[in-house]
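Hi there,

Here is the model I promised to pass on. Have a look at it first, and my notes follow below.

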Amino acid sequence: NSDTVSKDCINDMLAGAALIFIDGQNKPYSFMARKHDGRAVSQPINETTVQGSHEGFVESLETNLFLVRKNIISPNLKVKTLQVGKEAERRVALIYLNNLANPEVVKEIEKRITAIDVDYLCSFAYLEALIEDYTLTPFPQSLSTERVDRVCGNMMEGRVALLVEGSSSALVLPVTFFAFYQSTDDYNTRFSIGSFYRL
């Protein structure tokens with residue numbers, strides 16, 4: 001479809017890609033050519049820990065995906081990139097482990113993201129509000145975190161993570177009420193001490 005190719009070309013160029021057109025071929029080659037000196041990977045501000053990793057997400061989606069892939073080196077790690085926004089598109093990465101995540105949950109999350117009808121997705125908080133089940137409840141239905149190890153740990157338990165371009169936090173879902181009482185340091189201590197802290 002030529003319209004789809006044209007739209008993809010425009011979106012790539014707006015994102016900083018260079019296009020190479022070759023005689024006799026219908027589609028051009030797209031190469032990322034932008035230079036962006038983003039914020040360096042640093043310790044999360046809101047979720048500091050005594051032990052464990054001190055890596056936190058940054059505003060670059062590529063860097064955040066690299067941090068997840070660096071921690072989970074597995075062929076079962078899947079990343080689906082979705083576009084949200086009619087006027088100004090923003091990328092949302094849906095990340096999960098193919099052999100651990102419930103396929104029905106993955107399908108439902110993807111369906112809800114693709115059904116979002118907004119001009120512009122300002123932040124991950126907007127995404128959270130647009131895909132949650134109940135808007136009137138005071139309890140959060142997804143876990144937001146700046147920590148790479150926390151996201152990876154939740155994915156190892158079969159959950160799905162969402163990363164939004166331009167945001168330094170990730171959404172983890174589905175979660176239960178008790179997930180909000182878990183700290184990273186709980187996993188870096190003995191079972192008895194961690195359970196005592198949690199209680």
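**A loop, a sheet and a pocket**

Ser 169 sits in the loop between β6 and β7; helices (H or I, at least four residues) and strands (E, at least two) are DSSP runs, numbered from the N terminus. Before going on, please note that this is a predicted model, in which local features need pLDDT of at least 70 and side-chain atom pairs count only at pLDDT 80 or more, while totals for chains, interfaces and linings use all residues. Residues are numbered from 1 along each chain as its sequence is written, and side-chain values use heavy atoms, with hydrogens and water left out.

Is Ser 169 buried or exposed? With a relative accessible area of 12%, Ser 169 is buried (buried means under 20%, exposed over 50%, partly exposed in between, with a 1.4 Å probe and protein chains only). Setting aside neighbours within four places in sequence, Ser 169 touches Phe 124, Thr 145, Glu 146 and Leu 163 (contact means heavy atoms within 4.5 Å).

Val 160 has Leu 173 of β7 as its bridge partner. Leu 173 is also joined to Pro 174 by a cis peptide bond, with omega about -5 degrees. Pro 174 itself lies in the loop between β7 and α6 (184-187).

Both strands belong to an open sheet of five, in the order β3-β4-β6-β7-β5, with antiparallel pairing. Its edge strands, each pairing on one side only, are β3 (77-84) and β5 (143-145). From one strand to the next the twist averages 25 degrees (axes are lines fitted to C-alpha atoms, for helices over the stretch in contact, and angles run from 0 to 180 degrees between N-to-C directions). Helix α2 (residues 61-71) lies across β3, β4 and β6, at about 5 degrees to β4.

Finally, the largest pocket has a volume of about 470 Å³. Of the 18 residues lining it, Asn 11, Ala 15, Gln 83, Glu 89 and Arg 91 are the closest to its centre. (On a 1 Å grid over the protein atoms alone, a pocket is an open set of points where a 1.4 Å probe fits, with protein on both sides within 12 Å along at least five of seven lines; lining residues have an atom within 4 Å of a point. The volume is the space filled by probe spheres set on the points, which are joined across faces, edges and corners.) The largest share of the lining, five residues, comes from α1.

Best wishes

Methods. Pairing = 2+ DSSP bridges.
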